[in-house]
Amino acid sequence: MSDVVEVDARRLLCPMPVIRLQDRIESLPPGSEVRITCTDPGTQNDIPTWCRINGHSVLSSCQQQDDYVFLVRKGTDGD
Amino acid sequence: MARKAVALISGGLDSLLAAKLIQQQGIEVEGINFFTGFCVEGHTHAIRNRDRSRAKRNNALWVAEQLGIKLHIIDIVEEYKSVVINPRHGYGSNLNPCLDCKIFMVQKAHQWIREHGFDFIITGEVIGQRPKSQRSRFMPVIADESGAEDLLLRPLSARNLEPTRPELEGWVDRERLLGLSGRSRKPQMALAAEFGFTDYAQPAGGCCFLTDRSYSVKLKDLWDNRGRREYEIDDIMLLKVGRHIRPSTAFKLIIAREEGETRYLSGYRRQYQTIKTVSHAGPLALIEGDRLDPEQLELACAITARFSQGRDADSVELCFSDREQSSQSVHVRPLRAEQIPAEWVIA
């Protein structure tokens with residue numbers, strides 16, 4: 001299993017966390033996993049929505065104190 | 001050969017409908033949304049507690065999901081500075097460079113379609129919908145100055161405009177495009193109902209902080225006091241937050257108005273000197289400006305104390321911290337409301 005790529009998007013307001021995820025995932029091969037850590041509550045909607053429309057999967061999401069953590073797998077059709 | 005179009009997706013109704021009209025003609029559509037740093041809705045939600053009770057979503061993402069299209073969100077914060085600082089066509093009623101903004105975004109979209117093998121660009125522009133950027137005479141200006149020329153199609157107003165290449169080449173059927181004009185929203189609302197869209201965003205006064213008078217006053221104050229027209233992303237984010245009070249040219253205070261703003265401003269503790277009330281519940285304040293003398297620091301604390309629960313107390317204790325987090329205790333008598341002149345308040 002490949003390593004999980006970490007993206008720190010804490011203190012960034014939407015849509016910057018989505019942009020960070022989008023830009024990071026772009027250069028990875030399909031099937032790669034990215035864990036993104038955010039503090040903007042809006043990411044609870046925005047990260048899953050962005051993943052759905054671009055063909056990626058949210059494998060898990062959780063809240064750890066003020067952080068929202070998402071584990072995302074890049075889809076075969078995604079950018 | 002199947003043709004592909006990219007739609008500028010703002011998150012509002014017009015771009016949703018424009019993209020839908022083109023999808024209906026069998027064109028493959030993907031969306032682009034540009035992040036300038038001046039977006040209104042999401043940031044206000046994220047920062048202020050009172051706005052958190054409402055459902056929060058990114059409208060551009062919501063639109064893309066309704067259409068079933070991919071959305072590319074592009075960070076143009078750095079490049080966009082030249083549009084805000086030196087707009088060739090000037091500002092609207094505030095510091096909103098709407099015409100230059102539209103030209104810039106279409107230009108970026110034109111660059112994007114060339115890099116990604118798309119055929120043309122669509123926008124939700126409607127002739128006469130907005131006072132400046134969507135005037136009839138500016139439609140060709142946007143097409144020409146962006147470089148997109150006849151690859152820019154406005155499906156909602158197309159039949160009031162010269163035919164574009166997608167129409168002339170038969171990629172799309174001009175007869176199935178619309179000829180809307182004017183400020184009425186009724187035709188768009190009727191079309192939305194026809195398509196089954198019910199929960200679309202209708203931002204009153206636009207979705208950009210630069211159209212807001214109070215925000216523009218704060219940005220102008222920032223430029224005037226720095227002696228140069230420039231900004232960083234943190235500057236324009238902080239203009240969205242708190243009370244901005246400038247008692248002198250030496251410093252400005254950004255004082256949180258509620259808990260959500262205090263939490264947000266706390267993230268800037270290592271970039272700014274801060275003041276926080278200790279003896280009473282109260283806001284966090286950032287100090288923009290270095291080397292305050294003792295008198296100025298006392299004034300900054302007395303102003304901050306004015307907005308705390310200790311506003312009527314004889315003495316309030318506050319903690320002043322520098323960027324390295326070394327702190328000192330300060331005791332002051334809070335200023336009374338009438339001791340804060342209106343001209344100090346930037347709004």
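In what order do the four strands of the open sheet in chain A stand? The order is E1-E2-E4-E3, and the pairing is mixed. Two strands pair if DSSP finds at least two bridges between them.

The structure is a predicted model, in which local features need pLDDT of at least 70, side-chain atom pairs count only at pLDDT 80 or more, and totals for chains, interfaces and linings use all residues. Residues are numbered from 1 along each chain as its sequence is written, while chains are lettered from A and ligands numbered from 1 in the order in which they are written.

In chain A, strands E1 (4–9) and E3 (57–64) stand at the sheet edges. Each has a single partner strand, so one side of each is left without a neighbour in the sheet. The twist averages 15° from one strand to the next. E3(A) runs antiparallel to E4(A) (residues 67–73), and seven bridges join them. Gln64(A) stands opposite Asp67(A) of E4(A). Helix H1(A) (residues 16–26) lies across E1, E2 (33–38) and E4 of chain A. H1(A) runs at about 150° to E1(A). Such angles run from 0 to 180 degrees between N-to-C directions, with axes fitted to C-alpha atoms, for helices over the stretch in contact. Contact requires C-beta atoms, placed from the backbone, within 7 Å.

The loop between H1 and E2 of chain A holds Gly31(A). Gly31(A) counts as exposed because it has 11 C-beta neighbours inside 10 Å. The burial classes rest on the number of other C-beta atoms within 10 Å: buried at 20 or more, exposed at 12 or fewer, partly exposed in between. Leaving out residues up to four places away in sequence, Gly31(A) touches Arg73(A) and Lys74(A). Its C-alpha atom is 9.6 Å from that of Ser57(A), 26 residues apart along the chain.

Chain B has twelve helices and eleven strands. Its C-alpha atoms fill a box of roughly 75 × 40 × 35 Å along the principal axes. Of its 347 residues, 45% are buried.

Strand E2(B) (residues 28–35) is mostly covered, with six of its eight residues buried. E2(B) pairs in the parallel sense with E1(B) (residues 4–8) over five bridges. Lys4(B) has Glu28(B) as its bridge partner in E2(B). Five bridges also join E2(B) to E3(B) (residues 71–75), again parallel. There, Gly31(B) is partnered by Leu71(B).

Terms used:
Helix = DSSP H or I, 4+ residues; strand = E, 2+ residues; numbered from the N terminus. Contact = placed C-beta atoms within 7 Å.
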